[in-house]
Amino acid sequence: MSGRTAVLGGGISGLSAAYYLRDNPAFRAIKIIEASNRTGGWLRSRVSLEGVIFEEGPRTIRPRGPAGSNTLSLVDRLNLSEKIIPISLAHPVAKNRMIYADKKLHALPNSLNAMFKVNSPFSRPLVSCLITDLRAPKLTKEDESLYSFVERRLGKDVADYLISPMVCGICAGDAKQISVNFLMKSLFEYEQKYGSIIKGFVKSNWEVFRSKSNKTDGQKLNSNDTNRLSRRAENERWAIWTLRGGLEQLPTALADNLSSNGVEISLNSKCEELTFTEGGVELKFNERTEEYSRVISSLSAKSLAPMIHRQHPQLANELTAIPSVTVAVVNLEFAGNVLEQEAFGFLVPPNEKLPILGVIFDSCILPPKNSTVLTVMMGGAWFTKNFGDHPTKEHLLEVAMHHVKSILHIKADLVAHNVAILKDCIPQYVVGHEQRIRRIENYLVKHKLPLFLCGSSYYGVGLNDVVLSAKQAALAVTQQC
Ligand SMILES: Cc1cc2nc3c(=O)[nH]c(=O)nc-3n(C[C@H](O)[C@H](O)[C@H](O)COP(=O)(O)OP(=O)(O)OC[C@H]3O[C@@H](n4cnc5c(N)ncnc54)[C@H](O)[C@@H]3O)c2cc1C
C-alpha cells in the first residue's frame, strides 16, 4: 500500500521531488509542507522599480552532464523552453572570468595558448603545474581539503589564486575546509589509484575509450529523458543558461503544475518534529499533528536535525555536523554602461582579506536598457568574522558599494539596489562529508526509517544537483515502498 507522502520544504528540490513522485500513479497522495509564505526557497527573482531583475539566489545553470541535462528536461516538460536565454561558450561571459589580487583585476587564462604564458598573479605558466604534479609524491589518504590537495599536487599559487576563489564562487566556502571530493573527486582518485593526476587522467581516459558503453548511474537514470533541450544545448555549445524574467519562474511553474495536478501545497506550515511510528511518520506542527506513510525531506541537514533529535540523536548529530554558511547578496543597478569589459564577473581570493567574495556582472548575461546590474556576494565562511552576527542591511550596502566602486572605477549614480541576508543558505561539504553521507544512508537503512533525503546538504549544492537528488529520492520511494 502506498499511502500518503509528505514532502518537507517547498524550495526547488521539494517541488521537484513531488513532481517526480507524482509521475507514479501509485504515489499521487502528496502534500508539500513549506514553512514560509512562498515556494521557491533560495530561488528569488526580485523586480526593481525600474523593471530590472535582481536575482537573490541562483542566476545561471550549467547545461552539461547528466544533472544538467535532467534539469533541461524538466524545463522542457514545464513549457519554459521559450524563456531560456543560452550563453554560448564563445560569449564573453563564458570566456572572461577575473580575479582581484594585488589591488587589480586579472583575467584568468581562457585558451590553451594562455596556459603556456605567465599570467599574473601566477608566477609561472599554468602548464608547469603538470610537471609539479608528476614530481609530487603520492600520499594515501581517505579525504583531505581541496586546498591541501591542490597545493600538494599543483602548487600554492594554483591553490591560492584559482581554487580558493573558485570555492568562494561555488559555495562561499573556505577551500582549506572543503573536501577535495566536492570539486575534484576524480582527480583525487587518480592520485590514489595511479600516483598522480596526469597519469590517472591518461590511464582512465584510455580505459573509458576502450569500454565506451560504461555509463554512470546518473546517465542511466537520465537515459529515458526526451532531452530535446539538452541536445540543443550541446549543438549550440551552451556554457550556461538562465530564464528571461528570472530563474524563480522554474519553481513557480513547478508549483503551478503540481497544484493543478492535485498535489497539496501547504504554506506557512513549519514542521517542528518527526516521530516515526510502526505505520509511518507523524509530523508535529504548532497546534496539530499529521500522519503520513513516509516523508521526503528537502530541508537542509541543519534544519532537519532538531526535528528528529528526540527519537534519533545519533542521526541528528550526523546531520548537525554538516555546516552551512550565511551569504549577504547585494544587487546594484548603476546608470549607463559602467563596465570596461564584458565578463562573468570577478572573484576575490580569501588571502586578499577583503570583505567581498566576488561580483557577478548580471547585465553582461542579460543586458537591461541603459544600465549596469551587478551582484556582490559577501560573507560565506567569513560572514561573522567580517560582519558580526547581526549586520544591518545599510552597512552591507555601504561595504559592497565601496569595494565595487573602487575596484571597477565606477562614478555613475546608483539607480536601484536590493540587500538580502541569506541565513545558512549554502551547506559546506567539509573534509569527511562523503563518509558522513554513507553513515547517514546506512542509518536510514538499518533503522528502516521511511525518511528520504534530497536537497543541497547531501549530493551537491548546485541547482542541477538538488533537482537530480529529488528525482533520486522519488525513485527510492517508489522502489522501497
Ligand atoms: C546566493 C546563492 C546563489 C546561488 N547561485 C547558484 C547558481 O548560480 N547556480 C546554481 O546551480 N546553484 C546556485 N545556488 C544553489 C541553489 O540555489 C540551491 O542548490 C537550491 O536553491 C537549493 O534548493 P533546495 O530546495 O534544496 O533548498 P531551499 O531553497 O533551502 O528550500 C528548502 C525549503 O524548506 C523550507 N523549510 C525550512 N525549514 C522548514 C520546516 N521546518 N518546515 C517546512 N519547511 C521548511 C524553507 O522555507 C525552504 O523554502 C545558489 C545558492 C545561493 C544561496
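The second largest pocket of this predicted model has a volume of about 330 Å³. A pocket here is an open set of points on a 1 Å grid over the protein atoms alone, with protein on both sides within 12 Å along at least five of seven lines, and lining residues have an atom within 4 Å of a point; the volume is the space filled by probe spheres set on the points, which are joined across faces, edges and corners. Of the 21 residues that line the second largest pocket, Pro349, Pro350, Asn351, Lys353 and Trp382 are the closest to its centre. Helices α7 (156-171) and α16 (383-387) each supply at least two residues of this lining, and α7 gives the most, with four residues. By class, the lining divides into eleven nonpolar, four polar and six charged residues, where Ala, Val, Leu, Ile, Met, Phe, Trp, Tyr, Cys and Pro count as nonpolar, Asp, Glu, Lys and Arg as charged, and the others, Gly among them, as polar.

Residues are numbered from 1 along each chain as its sequence is written. Because this is a predicted model, local features need pLDDT of at least 70 and side-chain atom pairs count only at pLDDT 80 or more, while totals for chains, interfaces and linings use all residues.

Helices (H or I, at least four residues) and strands (E, at least two) are DSSP runs numbered from the N terminus; axes are lines fitted to C-alpha atoms, for helices over the stretch in contact, and angles run from 0 to 180 degrees between N-to-C directions.

| Pair | Axis separation | Angle |
|---|---|---|
| α1 (12-22) and α19 (463-480) | within 8 Å | roughly 40° |
| α6 (146-154) and α8 (180-194) | 10 Å | about 40° |
| α1 and α12 (249-260) | 10 Å | about 35° |

Helices α1 and α19 are therefore oblique to each other, given that angles under 35 degrees count as roughly parallel, over 145 as roughly antiparallel, 65 to 115 as roughly perpendicular and the rest as oblique. The contact of α1 with α19 divides into nine nonpolar, three polar and one charged residue.

Helix α1 also crosses α12, and this crossing is left-handed. Leu15, Ala18 and Tyr19 are among the α1 residues that make the contact, with Leu250, Pro251 and Leu254 among those of α12; the classes are nine nonpolar, two polar and no charged residues.

Helices α6 and α8 are likewise described as oblique, and α6 passes α8 in a left-handed crossing. Phe149, Arg152 and Arg153 are among the α6 residues that meet α8, where the partners include Phe182, Leu187 and Glu191.

Two loops carry backbone features. The peptide bond from Ser120 to Pro121 is cis, with omega near 10°, and Pro121 is found in the loop between α4 (112-115) and α5 (128-135). Asn79, although not a glycine, has a positive phi of about 60° and lies in the loop between α2 (65-77) and β5 (84-88).

Conventions: Heavy atoms only, no water. 1 Å grid on protein atoms, 1.4 Å probe; cavity = no way out; pocket = protein on both sides within 12 Å on 5 of 7 lines; lining within 4 Å. Left-handed = near helix turned anticlockwise from the far one by under 90°. Contact = heavy atoms within 4.5 Å.
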